[in-house]
Amino acid sequence: MSATGDDGGAGGDIAVVGHADLSPDTLLLVESTLRARLARRPVRATALVRTGAGTPLASGRAARASGCPLTVVIPTRAGMPAMPPPRDRMATGELLTLADQVRLLTYDPASRDSCIGADERLVASSGLLLAVWDGSPSNGRDATAHLVTYARARGVPVEVLWPAGAAREAVTAIGAKG
């Protein structure tokens with residue numbers, strides 16, 4: 001898809017990525033901020049998220065509330081949908097009920113590197129990246145900074161969303177996803 005400006009217009013999807021370790025109150029702030037932003041989209045623009053809890057679910061809810069069409073990307077292995085990790089299963093179910101379209105993409109939902117590769121493909125195919133990002137650098141768990149840099153390097157416009165009062169949760173477990 002071609003990028004034609006900073007609004008995801010002219011057929012460009014609006015990819016949404018962000019931190020996975022947002023506090024519950026922050027997810028509500030993010031959902032509200034995304035709802036307002038997606039309400040200003042061009043008519044043909046579609047929100048695009050990779051399935052999961054946290055930012056993807058808040059994005060799906062915001063898309064539905066704003067009237068923005070939603071495409072949910074689910075992982076596949078050997079052409080069959082792959083089971084999401086336990087923490088993402090309820091969110092995946094809700095996202096699938098919110099979705100106007102489902103896109104299958106080959107990646108391993110249990111592999112951080114595979115998920116980053118899937119996000120890179122979404123970003124590269126979009127006309128705008130909305131990044132729920134606090135501006136922090138990549139830390140070995142969270143790839144949001146990487147995805148912002150990736151988008152900018154490919155000429156995909158980036159809009160950073162970090163509502164006032166937003167916070168990330170403290171990581172307590174080794175290998176926690178972000």
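Figure 1. Leu 96 touches Val 72, Ile 74 and Val 102, when residues up to four places away in sequence are not counted. In this predicted model, Leu 96 is found in helix α3. With a relative accessibility of 36%, Leu 96 counts as partly exposed. One of the residues that Leu 96 touches is Ile 74; the C-alpha atoms of Leu 96 and Ile 74 are separated by 9.1 Å, and the two residues are 22 residues apart along the chain.

Figure 2. Leaving aside residues up to four places away in sequence, Thr 92 touches Thr 51, Gly 52 and Pro 84.

**Figure 3. Helix α2 and what covers it.** Helix α2 comprises residues 55-66. Nine of the 12 residues are buried, so α2 is largely enclosed by the rest of the structure. The buried residues of α2 are Thr 55, Pro 56, Leu 57, Ala 58, Ser 59, Gly 60, Ala 62, Ala 63 and Ser 66. Their cover includes the strands β1 (13-18), β2 (47-50), β3 and β6 (126-132), together with the helices α1 (24-39) and α3 (89-98). Just after α2, Gly 67 takes a positive phi of about 85°.

**Figure 4. The loop between β3 and β4.** Ala 78 lies in the loop between β3 (70-77) and β4 (80-81), and Gly 79 lies in the loop between β3 and β4 as well. Ala 78 has a positive phi of about 55°, although it is not a glycine. Ala 78 is exposed, with a relative accessible area of 84%. Gly 79 is also exposed, with a relative accessible area of 56%. The C-alpha atoms of Gly 79 and Leu 105 are separated by 8.7 Å, while the two residues are 26 residues apart along the chain.

Figure 5. Helix α4 is formed by residues 112-124. Ser 114, Cys 115, Ile 116, Gly 117, Ala 118, Asp 119, Glu 120, Leu 122 and Val 123 of α4 are buried. The buried residues of α4 pack against the strands β1, β2, β3, β5 (101-106) and β6, and against helix α5 (144-153).

**Figure 6. The crossing of α4 and α5.** Two packed helices are described by the angle between their axes and the distance between the axes. Here, the axes of α4 and α5 come within 10 Å and cross at roughly 35°. The crossing in which α4 passes α5 is right-handed. On the α4 side, Ile 116, Asp 119, Glu 120, Val 123 and Ala 124 make the contact; on the α5 side, His 146, Leu 147, Tyr 150 and Ala 151 take part.

**Figure 7. Arg 154 over the ring of Tyr 150.** Arg 154 lies over the face of Tyr 150, at 3.6 Å from the ring centre. Tyr 150 is also one of the α5 residues in the contact with α4. The structure holds zero aromatic pairs.

Notes
Residues are numbered from 1 along each chain as its sequence is written. This is a predicted model: local features need pLDDT of at least 70, side-chain atom pairs count only at pLDDT 80 or more; totals for chains, interfaces and linings use all residues. Side-chain values use heavy atoms; hydrogens and water are left out. Helices (H or I, at least four residues) and strands (E, at least two) are DSSP runs, numbered from the N terminus. Buried means under 20% relative accessible area, exposed over 50%, partly exposed in between (1.4 Å probe, protein chains only). The expected span of a helix is 1.5 Å times one less than its number of residues. Contact means heavy atoms within 4.5 Å. Rings of Phe, Tyr and Trp (its six-membered ring) pair if their centres lie within 6.5 Å; planes under 30 degrees apart count as stacked, over 60 as edge-to-face and the rest as tilted. A charge sits over a ring if NZ of Lys or CZ of Arg is within 6 Å of the ring centre and within 35 degrees of the ring normal. Axes are lines fitted to C-alpha atoms, for helices over the stretch in contact, and angles run from 0 to 180 degrees between N-to-C directions. A crossing is left-handed if the near helix is turned anticlockwise from the far one by less than a right angle, and right-handed if clockwise.
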